[in-house]
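Here's a protein model to explore together. Open the viewer, turn the model around a few times, and then read on.

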Amino acid sequence: MLDYLRSHLQLYLVILFWIGATLYGGPLIYALLPLSVFLLRGRDMYPEILFGFLMILILSDMDPAFVAMRKIKTAKHAMMVAISLVFLMDRARFAPLAGVFPLFLPFFAYSVLPLANGSDPINGVQKTLSYALLYLVVPNYVLYGFRKLGWDFIRNFIYFIVSIITISYLAGYAGFIGGSIAGRFRGPFGNPNGLGIFMFLTFMFVATANYLKKDLFPAFQRYLIYGIVLFFLYKCGSRTSLVATLMFLVFSRFFAFSPFIGFVGFIVALVVAEAVSSNLPAIVMALSLEKYFRVETLDDGSGRYFAWRFAWEQINQGGFFLFGGGFGNDEWVMRHNYPYLRSQGHHGGVHNSYLTMWFNTGIIGIILYLRGFFLMFFKANKRAPIAFAIMFATMFSVLYESWLTGSLNPFTIILISIMTLVTEDEIVNWRDYQDLGEEEVGAEPAPEATPLLRLPAR
């Protein structure tokens, strides 16, 4: 870990420079972010481009009360464009390309059509483009980072995530960014639930990496990383993320043993979850956990159930059932009904990725997206049985939050990185490529050799 920090000190200094420029440099950050991407490219620091982009997405999720940091929310679009341009300019370097995007291509091709039925087409075009670019670009940066550095890249990715959250925790004590809301730690995120989602996804990322390479970390480091992630998952007090993490742990065991047992376990879990949810206040109070689980909010689901009913009414009454209204349609509808929603005690969005996507792309869009989603995980499960555990835990998490439909948030990028880990042959079957690389040592390079045949041993 110390070796990682020393070797990546330059990246952390760049991030501090970004934060300083945002706070004191006026509009400078809008030019600085894309310029930084091209400077990192010039120094062949492609993994650092991905890490830096994740950091900007984390900062963009910060509480709007930090007025000086609001510029990040719009400046991140310029960074997304720059990262995409680098990918397009260096496409030969990234070849052969990752396979995640083609699975979702029918969805992205269709998602342009609902924009004609939307109320905010300009915003919708931006969101549609950024969502498609995220699925196109991120898997290729992850795959290229793995080709370049092997498992050191994945290890560094995890170190970066854990270090950023730990630093934010220490900064909270010092009175800087982060802090807590009503006793719940939120770190650099706008609310504790955001941190919870991030920790849930980080847990799956770490577990998936360790599943594919058992000796990725020494035992002490592995337990320390899991301990840090679980500590922050506890500190944020997110019930949904805690349950999703437990689901992932349980199902990863079931599906590793037998897919059939895993599916049976999933059905049993649904039945048990229904029984528990019906008696949750009594169970929580019997266990003396009413303070941690905030029992006073259990009956109304923190306003989510009201938001779901309202969203479903708007989908049917607004003509969005079949085709939707384009990306960003949900935000437009909820924002223009904010006085009524606030009068009913609701202050957020739809809080459900399925309903949000229905708002935006209609039932046709949902079917097309889930087609790619299921195809990807069914394909991955043939070689990495942990894939189904990832799929079901994610499906549960997005039932209560709309993060899956967002492109430039710090959550979707982690899920796409996990998708890349379990779907790419070069990562899942890394031993085969390592052996192939060892066979080439000392041999004359073939004129038509592909980049895969020149991989260093992992």
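Let's start with a lysine. K213 touches W151 and W430, leaving aside residues up to four places away in sequence. You'll find K213 in the loop between α10 (192–212) and α11 (219–236). Is K213 buried or exposed? Its relative accessibility is 9%, and the cut-off for buried is under 20%, so K213 counts as buried.

Now zoom out. Keep in mind that this is a predicted model. The mean pLDDT of the protein chain is 85, and 81% of its residues reach 70 or more. One stretch to treat with care is residues 441–458, where the pLDDT is below 50. Even so, that stretch has 21 contacts in the model beyond near neighbours in sequence.

What is the chain built from? Its secondary structure comes to 22 helices and two strands. Of the 458 residues, 53% count as buried. Look at the contacts in the chain with a separation of 6 or more: residues 24 or more positions apart account for 76% of them.

**Two helices side by side**

Two packed helices are described by the angle between their axes and the distance between the axes. Take helix α2 (residues 9–24) and helix α4 (residues 46–60): they pack at about 35°, and their axes are 11 Å apart. Their crossing is right-handed. Which residues of α2 and α4 make the contact? From α2 come L11, I15, W18 and I19, while α4 brings E48, F51, G52, M55, I56 and L59. Sorted by class, that contact has eight nonpolar residues, one polar and one charged.

**Rings meeting rings**

How many aromatic pairs does the structure hold? The count is 49. A pair of aromatic rings is described by the distance of the centres and the angle of the planes. Here are two pairs you can look up in the viewer:

| Pair | Centre to centre | Angle between planes | Type |
|---|---|---|---|
| Y169 and F185 | 5.0 Å | 85° | edge-to-face |
| F189 and F198 | 5.2 Å | 45° | tilted |

Ring pairs link F101, F104, F107, F108, Y131, Y135, F327, Y369, F373, F374 and F377 into a cluster.

A cis peptide bond joins A95 and P96, with omega at about -10°. P96 sits in the loop between α6 (91–94) and α7 (100–111).

Next comes D44, which has a positive phi of about 60° although it is not a glycine. Where is D44 found? Look in the loop between α3 (28–42) and α4. With a relative accessibility of 29%, D44 counts as partly exposed.

H351 is not a glycine either, and it has a positive phi of about 60°. To find H351, go to the loop between α17 (338–343) and α18 (353–381).

Definitions and conventions. Residues numbered from 1 in each chain as written. Predicted model: local features only at pLDDT ≥ 70, side-chain atom pairs only at ≥ 80, totals over all residues. Heavy atoms only, no water. Axes fitted to C-alpha atoms, helices over the stretch in contact; angles between N-to-C directions. Helix = DSSP H or I, 4+ residues; strand = E, 2+ residues; numbered from the N terminus. Left-handed = near helix turned anticlockwise from the far one by under 90°. Contact = heavy atoms within 4.5 Å. Nonpolar A, V, L, I, M, F, W, Y, C, P; charged D, E, K, R; others polar. pLDDT = per-residue confidence, 0-100. Phe/Tyr/Trp six-rings, centres within 6.5 Å; stacked < 30°, edge-to-face > 60°. Buried < 20%, exposed > 50% of the residue type's maximum accessible area, 1.4 Å probe, protein only.
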